[in-house]
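I kept them in the order in which I looked things up.

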Amino acid sequence: MVNFDYYSPTRLIFGKGVVEQLAEVMKPIGKRVLLTYGGGSIKRSGLYDKVKSLLKDFEITELSGIEPNPKYDPSVLDGVRLCKENDIEVILSVGGGSVLDCSKAIAAGAKYDGDPWDLISYKVKAQSALPIVDIMTMAATGSEYDAGGVISRTDTNDKIGYMDELLWPVCSFVDPTYTFTVPPIQTVAGVADAIDHIMEQYFASPANELSDGFCEAGFKTLMKNVHIVLENPEDYEARANISLACAYGCNGIYSLGIASSGWPMHAIEHALSAYYDITHGIGLAIITPRWMKHVLSEKTVPRFAKFGVNVLGIDPSLKPFEIAKKSIDMMFDFYKSIGIPMHLREVGIDETRIKEMAHHVATTQPLDGCWAPLSEDDIAAIMLDSL
Ligand code: NZQ
Ligand code: ZN
């Protein structure tokens, strides 16, 4: 067990109808609100009207059109400008992880006099940030329960995971019924993202029994319930189990006492979605079995074998390498079974820019210090194998 220092200050209000408490929660935080949302799903579902009526006594400024893989320009910059022009006191994010991530960057940028990219790129440490409240409509990123956001900058092909203790949401409302309308491809992308969040924490050592068990329960919950919601999108218990397993994703609770893995699959995927604007969870699912295959070694095999036995139910009497190889095949088949295209070519990526992307990852987010270290050539090999 490795030492840890854990603090997770977000108030998580979870369940059917919890959004009724929105005004009561927001009142002490501020009256002038920046309401942020995406491309219109909240208008189609009726949630937009609901929020407006709950907040009828507040002064609301809106920032809409935040795209998946949220962009620094225009979304973050527009949000910062709106906060400054309207003396905003609190940001209310209503949508998926992209809307919330963008809102986090806006929250810090609004309290900074320079270019907000200074903060996102860690050139300058933020001194303060606006408080954030969110209503989550997707189960995926765990942004509702963590202190980070991921922002894309198209002119430089950067997609940066920006973490800062100031960015924990003050309060997150998670009502799984809002996820009933998430289309199947986004549902499975969200589950694949959450599975990978757990993998990035589980595939490391030293670890410990308790956190391993928590991670294993997370994997099994996601892998079982995704089939149920694909069959019946309005199965509340299944959506709720997925929402909770996703919420825990990136706030560190899955991996208390486990050493850091270095999050290699995320680093690789962020390059793919920065260069090609693909859906994050889909990119991760494609990369995952190829990463597992590439890093399988004497050092990594015990963790892969443990995963195979405890999560996938593989016969423990088989040799560890056999279990590990079976696990890789079973993960590939699992992703396929839930409808994920398992080749980069199917999402519009070919070999043209692989060298460039591998170089970008190796120079901006080096993976040579990971639990399973990857050189630039290794990163390129994993991408090529994923074609
Ligand atoms: O824009 P709208 O119209 O709202 O539609 C969205 C979007 O098109 C739609 N959607 C969301 N809720 C819906 C819905 N459609 C119908 N019904 C609903 N209830 O789904 C689409 C995808 O939304 P998005 O917010 O992009 O998805 P997600 O939550 O998966 O977020 C992805 C982003 O988060 C980053 C990813 O890299 C990506 O940029 N990540 C953030 C992390 C974090 N903050 O901790 C960690 C992750 O590893 C990840 O990198
Ligand atoms: Zn992720």
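Is His280 buried or exposed? I looked this up before anything else. His280 has a relative accessibility of 14% and counts as buried. The cut-offs I use are under 20% relative accessible area for buried, over 50% for exposed, and partly exposed in between, with a 1.4 Å probe and protein chains only.

Ground rules. The model is predicted, so local features need pLDDT of at least 70 and side-chain atom pairs count only at pLDDT 80 or more, while totals for chains, interfaces and linings use all residues. Residues are numbered from 1 along each chain as its sequence is written, chains are lettered from A and ligands numbered from 1 in the order in which they are written, and side-chain values use heavy atoms, with hydrogens and water left out.

Zinc site. I went on to the metal, ligand 2. The protein donors of the zinc ion are Asp193 through OD and His197, His266 and His280 through NE2, at 1.9 to 2.2 Å from it. Donors here are N, O and S atoms within 2.8 Å of the metal (3.2 Å for Na, K and Ca); water is not among the atoms, so the site may look incomplete. I wrote the sequence spacing of the donor residues as D-x3-H-x68-H-x13-H. His197 in helix α7 and His280 in helix α11 (residues 280-295) are 83 residues apart, and the pair links distant parts of the chain.

An N or O atom in the side chain of Thr137 is 2.8 Å from a nitrogen atom of ligand 1. For Tyr178 I noted a backbone N or O atom at 2.9 Å from a nitrogen atom of ligand 1. His266, also a donor to the zinc ion, has a polar side-chain atom 2.8 Å from an oxygen atom of ligand 1. The protein buries 89% of the 970 Å² that ligand 1 exposes when taken alone. These areas come from the Shrake-Rupley method with a 1.4 Å probe; for residues, only the protein chains shown count as cover.

Ligand 1, shell. How many residues are around ligand 1? I have 32, and Gly39, Gly97, Ser98, Asp146 and Lys159 come nearest. A residue is near if one of its heavy atoms lies within 4 Å. By class the shell holds nine nonpolar, 19 polar and four charged residues. Ala, Val, Leu, Ile, Met, Phe, Trp, Tyr, Cys and Pro count as nonpolar, Asp, Glu, Lys and Arg as charged, and the others, Gly among them, as polar. At least two shell residues come from each of α5 (97-109), β6 (148-153), α7 (184-202) and α10 (264-276). Why does ligand 1 lie between domain 1 and domain 2? Domain 1 (11-178) and domain 2 (183-385) both give residues to its shell, so ligand 1 lies between them. The bounds come from an automatic or database domain assignment.

I found a cis peptide bond from Asp73 to Pro74, with omega near 15 degrees. Pro74 is in helix α4 (residues 72-85). Another cis peptide bond joins Ser205 and Pro206, with omega about 0 degrees; Pro206 is in the loop between α7 and α8 (209-231).

I then noted positive phi values in residues other than glycine. Asp87 has phi near 50 degrees, lies in the loop between α4 and β4 (90-95), and is partly exposed at 49%. Trp263 also has phi near 50 degrees.

One loop, two residues. Both His343 and Leu344 are in the loop between α13 (320-337) and α14 (354-364). His343 counts as partly exposed at 31% relative accessibility, whereas Leu344 is buried at 0%.

Key: Polar contact = N/O pair within 3.5 Å; in protein donor to acceptor, adjacent residues only side chain to side chain. Helix = DSSP H or I, 4+ residues; strand = E, 2+ residues; numbered from the N terminus.
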